[in-house]
Amino acid sequence: MVDKLSKSLDEIWEEKSEKWKKRQGSEGNVQRNSRQRNRSHPYRRNYLKEKTSRKGPRILKVSGDSNVRSVAGGIAGVCRSGLEAPIILATGPTAINQAVKAISIARGFLCDDNLDLRAKCEFEDIKGFKTKIKLSKAASKPRAPKISEDDLYVLPKSDAFKVAGAIAARIRESRHNPTSSASTLSSKAVGILAKGSAAVSIMIKSISVARGYLDEENIDILFVPIFVEKETVISSNKVDTDFLQTSTYLKLCLLTQQL
């Protein structure tokens, strides 16, 4: 107390100022260090949580309004990243049609990467149109003619169960044919063609049903979609001569897999 009384006001103020600066400096360092730790990895916790919680392939949902090239780019991006090929979910004929188109376009995007895609389809309810298409990566493309006389054609009013029976019969025939192999199908069972959302969705459903028909024989079906151009002869009532009309179809090249 005597020491303080003997000091001038300037000396007392200077001592208090130094103590205040030291206290503020230590608290500021603690706050800065905590902020720096947080700023060094601002997304570290979220990223690790996402990475550890993600199990299995990514899921891409496709709707009838989805841009097919954008979906195809997403598929190709996942495949290039080294991850497992994604699963595509689609509900309704239009969404299924967009999904199959996107897979076909994605195959073109992956050509320079020496990658190709295989697909398996299954329906949550065989009476509905809610489907899951599981993709897998492959290193080679299937060898099959773009258009064959033995290709099956699916129409908007086709019966999926009858088409499935025809698919199963073609596959059994091709597997008993010594000239064909288990990985690729001969021209007698190589493809199915469809045009339009309704026909394409029935085509996908028929493959799902055919997988069930062949399950007891330990045979599974994969498909590879491609776009093909087909010429159709159109007759005109006003003109005596016929003319050719070119239309774009979706063709599924079928492959078999021994379970």
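This is a predicted model: local features need pLDDT of at least 70, side-chain atom pairs count only at pLDDT 80 or more; totals for chains, interfaces and linings use all residues.
A residue is called buried when its relative accessible area is under 20%, exposed when that area is over 50%, and partly exposed in between.

The overall picture comes first. The protein contains seven helices and eight strands. Of its 259 residues, 36% are buried. Its accessible surface amounts to about 16,400 Å², and carbon and sulfur atoms account for 51% of that surface. The contacts tell something about how the chain is arranged: among those linking residues at least 6 apart in sequence, 72% join residues at least 24 apart.

Most residues other than glycine have a negative phi. Asn-114, however, has a positive phi, near 55°, and is not a glycine. Where does Asn-114 lie? Its place is the loop between helix α5, spanning 93–109, and strand β3, spanning 116–123. With a relative accessible area of 61%, Asn-114 is exposed, because this value is over the 50% cut-off.

Is Asn-218 buried, partly exposed or exposed? Its relative accessibility is 40%, so Asn-218 counts as partly exposed, as this value falls between the 20% and 50% limits.

Definitions and conventions:
Residues are numbered from 1 along each chain as its sequence is written. Side-chain values use heavy atoms; hydrogens and water are left out. Helices (H or I, at least four residues) and strands (E, at least two) are DSSP runs, numbered from the N terminus. Buried means under 20% relative accessible area, exposed over 50%, partly exposed in between (1.4 Å probe, protein chains only). Contact means heavy atoms within 4.5 Å. Accessible areas come from the Shrake-Rupley method with a 1.4 Å probe; for residues, only the protein chains shown count as cover.
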